[in-house]
Structure formats: structure tokens, C-alpha cells
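I opened my notebook to look up charged pairs and a helix contact. My entries follow.

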Amino acid sequence: MMMPVRCFSCGRVIITDYIRFQENVEKIRREKNREPTSDEIDQIFSDLGVNRYCCRRMIISHVDLIDDVIGFD
Amino acid sequence: MKIKILQISERYARFEIEGIDYAYANMIRRTLINDIPKLAIKNVTFHLGSIRKVEEDGKAKVYNSSTPLFNEIISHRIGLIPLKTDLNMKFRNECDHPADQACPLCTVNYTLTKFGPGIVYSGDLMPIGDEKFAPVDPNIPIVKLDENQALVIDAEAIMGTGREHARWQVTSGVAYKVHREFRIPKYLEIIDLIRKDCKANIISDEGDVMIITDDIPCRHIAKLYRMDEVKMEEDESRFIFQFETDGSLSAKETLKFAIKRLRTRLDRIRDSVVV
């Protein structure tokens with residue numbers, strides 16, 4: 001549905017990191033016209049300060065479905 | 001016992017304590033995780049039914065209070081938002097009145113009114129009274145509203161600790177490790193990489209072996225564990241801690257409180273022992 005506010009395992013507030021992560025990924029897609037490589041994604045996470053893999057999997061595995069369910073209030 | 005701060009910023013701290021053992025180190029870790037009080041929203045009251053609003057053209061428009069997410073999910077998300085905390089506030093059960101009542105010393109009230117379409121952010125959550133209790137980060141999305149949907153909420157925040165619920169957990173990623181030293185013979189190729197990328201880790205670079213430490217994160221250190229030529233020594237009296245906070249308290253305040261709190265926790269054990 002919507003991105004969880006905190007990481008399930010450690011409790012870090014990851015939703016603001018998710019928004020910034022998406023902006024950075026979009027930037028790479030727009031400027032280089034391709035999907036970001038795994039090294040670039042690693043670099044984005046390091047720049048955001050998301051260092052633990054529990055927080056990283058939260059962001060990387062998330063599918064935002066809120067726009068699909070918004071019609072069924 | 002000696003404490004040395006290696007790195008400290010608003011939300012992150014890394015420090016070294018010398019002259020303790022594992023039991024003591026774990027005590028500090030557990031205090032940091034579950035015994036730091038902070039403010040978080042406990043009760044959320046939703047306005048249910050239709051909500052009327054006078055639009056700019058002077059006509060009244062009726063909004064619906066139903067939202068894409070269940071009210072339980074919304075209140076859970078609101079609870080997890082970090083709020084700026086004043087450590088002088090009291091726990092509700094330690095306040096002078098009965099536990100089912102509230103007073104400004106133990107409770108902060110919030111309101112939220114938002115009309116769709118659009119995303120409701122934590123910045124829309126307004127504290128009643130002092131502005132200093134506003135959410136730390138105003139950009140946390142709570143829920144997305146469609147056209148003709150509105151959200152009107154009253155919320156009540158109280159103090160609590162992490163042992164009760166994750167919403168009162170100040171710190172995340174609290175961990176410690178022992179101080180390690182690696183002795184690397186200088187004929188290995190990795191020496192050049194370490195000199196280039198991990199200058200801060202080098203303790204001594206004289207003679208035939210280079211001595212480095214992994215107290216500071218460095219990406220070449222993982223390779224050293226797999227090399228037979230490299231000798232590793234652990235010093236089990238020096239502990240390197242690190243933790244980060246969610247912004248409700250600064251890292252410095254958290255550490256100060258944890259160390260003060262340790263003493264009361266230990267006093268409680270001593271007092272309860274019957275001789």
C-alpha cells in the first residue's frame with residue numbers, strides 16, 4: 001500500500017529516505033535513459049545514510065499500490 | 001573506564017569505552033534501545049461522517065471521512081512519526097493526577113485537518129500549544145486522499161519507552177564491537193589500497209608490518225579476514241559503540257540520558273536485594 005514509516009527490523013524512519021531514493025533513481029533514468037545499475041543504487045543508499053541491509057530491503061522491495069486502492073474507499 | 005567520542009552528529013554517535021567487559025557493554029546497549037523516554041502519539045480520535053467546508057466561491061462542499069487506508073493503519077502510521085521531545089516531561093503514571101486523566105506536564109494534543117485530493121503529511125499535524133512539539137520531519141506521508149475525502153483528527157501524545165512499543169523507540173541500529181588490530185605483512189597488494197582509501201584506520205606503518213584497526217568502517221577490511229598472512233588481535237576491554245536516533249532527541253542527549261539512567265537501574269537492583 002503506502003511505504004511503511006519505519007524499518008520493520010531496526011526502527012529507522014525510512015519513508016523520507018524512500019522519497020529521496022526515488023528522486024535519485026528517476027534522475028538516473030532521465031539523464032542516462034536506462035535503469036540504474038546495482039553499483040549506482042548502492043551509492044545512492046550510501047549517500048542517503050541507509051547503511052544497514054534491513055533498511056535497504058524495505059526500500060528496494062517496496063511496491064507503491066496506494067493509487068490502485070484509492071478508488072475503493 | 002574511559003570514554004572517547006569518535007564521531008558525533010545530530011542523529012548519529014560513535015564512541016569508544018575502554019576498561020569494561022561484555023556484560024557492561026550489553027547493559028549500555030539495552031538501555032539505549034529500550035529505556036530512553038520519548039514523546040509519541042498514543043490515542044487518535046477520528047471525525048467520522050461528513051465534513052463540511054466553505055469553498056472559495058462561497059458555497060459549502062461536503063467531504064467524506066472515509067479514506068483509502070483503514071483508520072487503524074492511519075493511527076499506527078501517525079504513532080510512528082518522531083516528535084521533538086522535552087525530557088522534562090513526566091510519564092503519565094508518575095504525574096500527580098489519576099492515570100486516566102491528562103495534564104500539560106504529561107500530555108501534548110495535536111490536531112490534523114486536511115481536505116483532498118492530496119497527500120496528508122506529518123507537517124499537517126499541528127501541536128495545540130507549544131510549537132516545539134511539532135514533528136521532527138514535516139515530509140512523512142501519512143495517507144493519500146482522493147477527491148471529496150477529508151481527514152479530521154485529534155491526537156494525544158504521551159511519554160513512553162521502547163520496551164512498551166516501537167513508537168517510543170528513540171534509537172536504531174544500536175551495536176557494539178570490540179577493538180581489533182590487523183597486522184598486515186607489507187608484501188601484500190592490499191597495502192596500497194588501504195594507504196589510499198583507509199588512511200584513518202592505520203595505527204602504525206613502520207617496519208615490515210602495517211597495523212590497522214577496523215574501528216572506522218572501511219570497505220577493504222572484509223577482505224583481510226580471508227587472508228592467512230594477516231594476523232588479527234582482539235582487545236576485549238575496548239568497545240566501540242554506534243547508534244542513530246530518529247531525531248526526537250539528539251544523539252548527545254540520548255547518550256547522556258542512557259548513562260544517567262544506568263545508575264538508577266542498578267540502584268533498583270541493589271535496593272530490591274534482601275540481605
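I call a residue buried under 20% relative accessible area, exposed over 50%, and partly exposed in between (1.4 Å probe, protein chains only). This is a predicted model, where local features need pLDDT of at least 70, side-chain atom pairs count only at pLDDT 80 or more, and totals for chains, interfaces and linings use all residues. Residues are numbered from 1 along each chain as its sequence is written, chains are lettered from A and ligands numbered from 1 in the order in which they are written, and side-chain values use heavy atoms, with hydrogens and water left out.

**Salt bridges**

I looked for a side-chain nitrogen of Lys or Arg within 4 Å of a carboxyl oxygen of Asp or Glu. The structure has 33 such salt bridges over all chains.

B:Lys196 pairs with B:Asp197 at 4.0 Å, N to O. I noted B:Asp197 as partly exposed because its relative accessibility is 32%. B:Lys196 is exposed, at 60%.

In chain A, A:Arg34 and A:Glu40 form a salt bridge at 3.1 Å, N to O. A:Glu40 is buried, at 18% relative accessibility. A:Arg34 is partly exposed, at 35%.

Next I checked B:Glu244 and A:Arg12, which meet at 2.5 Å, N to O. This pair crosses between chains. Both residues are buried. They also belong to a salt-bridge network with A:Asp17, A:Arg20 and A:Arg52.

Which residues of H2(A) and H3(A) make the contact? I found A:Ile41, A:Asp42, A:Phe45 and A:Ser46 on H2(A), and A:Arg56, A:Ile59 and A:Ile60 on H3(A), counting heavy atoms within 4.5 Å. Four are nonpolar, one is polar and two are charged.

Definitions and conventions: Helix = DSSP H or I, 4+ residues; strand = E, 2+ residues; numbered from the N terminus. Nonpolar A, V, L, I, M, F, W, Y, C, P; charged D, E, K, R; others polar.
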